[in-house]
2 protein chains.
Amino acid sequence: MSNGKTWTLKSIAQELGVSNATVSNAFNRPDQLSEKRRVEILAACNKLGYFGPNKAAQSLRKGKFNTIALVLSDSVAYMVSDPVASRFMKGVAAELEQHKVNLLLFSGSAESVNDVIDFVDGFICYGRPRNSALVGQLKQVKKKVVTVDFNIHRSASVEVDNQTSAYDVAKLAIHSEQDQLAILGLRLLDTSLICRVYDIHQMEIDTSVAHQRLQGYLDAIADSHATLGNDRIWNIPESNVELAAIAAKEALSCNPRPNVFLCMSDLIALTVMSEAQQLGLRVPEDVRIVGFDGIDEALRSVPPLTTVYQHSESKGRKAAEMFMADAHHAEVLDYELIRGGSC
Amino acid sequence: MSNGKTWTLKSIAQELGVSNATVSNAFNRPDQLSEKRRVEILAACNKLGYFGPNKAAQSLRKGKFNTIALVLSDSVAYMVSDPVASRFMKGVAAELEQHKVNLLLFSGSAESVNDVIDFVDGFICYGRPRNSALVGQLKQVKKKVVTVDFNIHRSASVEVDNQTSAYDVAKLAIHSEQDQLAILGLRLLDTSLICRVYDIHQMEIDTSVAHQRLQGYLDAIADSHATLGNDRIWNIPESNVELAAIAAKEALSCNPRPNVFLCMSDLIALTVMSEAQQLGLRVPEDVRIVGFDGIDEALRSVPPLTTVYQHSESKGRKAAEMFMADAHHAEVLDYELIRGGSC
DNA sequence: CTGTTAGCGCTTTCAA
DNA sequence: TTGAAAGCGCTAACAG
């Protein structure tokens, strides 16, 4: 570590023989002193190793932090390796970088936003946080909030029409009334277990992404008069290959075997595809599969996956944009149906 | 937004008819007042809607922030979607979450760490930042620093032996003196262009990951007496499929066509594999390929990729651990050779 | 254009 | 156990 003296605005002002207001102005309000004087002061500061006012003190004083908290729906550790969440973060980061605003990652499983609220100018909240207490807190917060993929009925939100898009992609997969459906759901239940979801009608119909997609699927199935047995909906707690493989194996070994798989993420869909192929089943001849999200890997699979492409990166960018612009409306983003070869 | 009054320690103390020191103690130093009194005060605060001392003021006073900055080697937007960096972040996040320490993502292309230095307790720096000025700043910083995959000769570091691992995996790929090599490098040059790298001997041999790997490859080639033409090293500026595909096409259309491809990332290797297969070449019979990193997708490819598996998540965890423990040594992490079917 | 001063909201001696 | 007061480092209003 360098052993130079640690300067403060005050001490440096004293050293230079000017008042601290002058130094402060030199850094923050160029119009308050002569160009010449400002340059002199800045140069002197730089030589002495004073690199500008302490940001923490500055922020305390101004009530402005140049930092926003991105509240994720789950732990940071989990979200950062989720391909869809990553793309979203990428969009947020890209936009914030332009505004020179720092990004603080915050876990949706944390106990309280209080830990960071005094450090940030506000929140972008990506998906309903796993700890639902946070939602209540966010409603009370006296700072800017932009919600994504859900809405807390205040301030701004960015959403995609999950229900309609799920309906659309399901329609692509269902070909006849004879089709036997299976739904591989992501986080339909608040559990870390892989299990069937039986009483969908008793489920609290909330605004979570999973439930919106489920509703879309169910509508499509009803409209098509196809069959969805009451033991044909799975809950998968996390979008990862290991868990998905277990559910996929279960689903593929049902009797009668489903021939259409509606999957709430591409990772799940790709896993079903791979499991099916290992059983010697052909996609789409024997088994049709659709995913959701439109991750890169889905384009590269054989056959490529039919899925709903979400503009996750744009979503992130939009959310950050709305935050910066202090927007107060709800923005609904487009989606695209990708017709791969899996159905 | 809630319209309740915004309490401060002072105003709440006044309201409760006690001194502000008492309120402060109730929240921070339970031993300084009776249990009964403490509980009373806390309950009263909670009822009135005061959720504890303002963290920004607290931090300014204490000089402790419970936040660390993760300095990435490139822009946050880019790093967050890189599979290897993601795993690293996952490890860091998991460890910090346990300590209830917040994570601030910081771009390696930013101008100066000054923007955040006053908000954080220190830095974890993942890879040499693209803006090399940051390295100099980090050396001066009077706060904790842990570097990863490079070393600034102060405080702690976590590293993997890139050179030896590259050597090892290259040895797996090279079978005879007749082999025609190609190296698809990642960020060997400070440019955003895809191009050949000619004068490797004039290159500043630095401690960047890319150069260490290159040295490992070159050693392996030399030891095997195989052939690496002087126009057979490519620079790819980013690890993504589009850029990799361009370089892969170039490399595959060389005459004589290389039959061994040493790739500095799995994504690059997978892209070469896919391009080769599209040309009707068989892997590994016609073309042998090795990657680096050991991402999930590499295990699932056909054939699975031979590569070096880095324990990226452990690396992240370790870096955070060392930060929290205020370690000062250099830690060298293990790697594993994964023998897939691609060579 | 420059200097003085009152806080931002808090913690922590120190004396009572 | 409590209260008064100094000060963390800074900004902004105001007076000169």
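**The protein surface near the DNA**

Author: By class, the residues of the surface near DNA strand D are nine nonpolar, nine polar and five charged, where Ala, Val, Leu, Ile, Met, Phe, Trp, Tyr, Cys and Pro count as nonpolar, Asp, Glu, Lys and Arg as charged, and the others, Gly among them, as polar. This is a predicted model, in which local features need pLDDT of at least 70 and side-chain atom pairs count only at pLDDT 80 or more, whereas totals for chains, interfaces and linings use all residues. Residues are numbered from 1 along each chain as its sequence is written, chains are lettered from A and ligands numbered from 1 in the order in which they are written, and side-chain values use heavy atoms, with hydrogens and water left out.

A residue is near a strand if one of its heavy atoms lies within 4 Å of it. DNA strand D is surrounded by 23 residues, of which A:Leu9, A:Asn54, A:Gln58, A:Arg61 and B:Arg37 are the closest. Of the atoms of DNA strand D that come within 4 Å of the protein, 64% are accounted for by sugar and phosphate.

Several polar contacts (pairs of N or O atoms within 3.5 Å) can be listed here. On chain B, a polar side-chain atom of B:Arg61 lies 2.8 Å from a base nitrogen of DNA strand D.

Helices are DSSP runs (H or I, at least four residues), numbered from the N terminus. For DNA strand D, α2 and α4 of chain A and α2 and α4 of chain B each supply at least two residues of the surface, and α4(A) gives the most, with four residues.

Turning to DNA strand C, 24 residues lie around it, and A:Arg37, B:Leu9, B:Asn54, B:Gln58 and B:Arg61 come nearest. A polar side-chain atom of A:Arg61 lies 2.7 Å from a base nitrogen of DNA strand C, while a polar backbone atom of B:Asn54 is 2.6 Å from a phosphate oxygen of DNA strand C. The elements that give two or more residues to this surface are α2 (20-28) and α4 (55-62) of chain A together with α2 (20-28) and α4 (55-62) of chain B, with α4(B) giving the most, four residues.

Terms used:
Polar contact = N/O pair within 3.5 Å; in protein donor to acceptor, adjacent residues only side chain to side chain.
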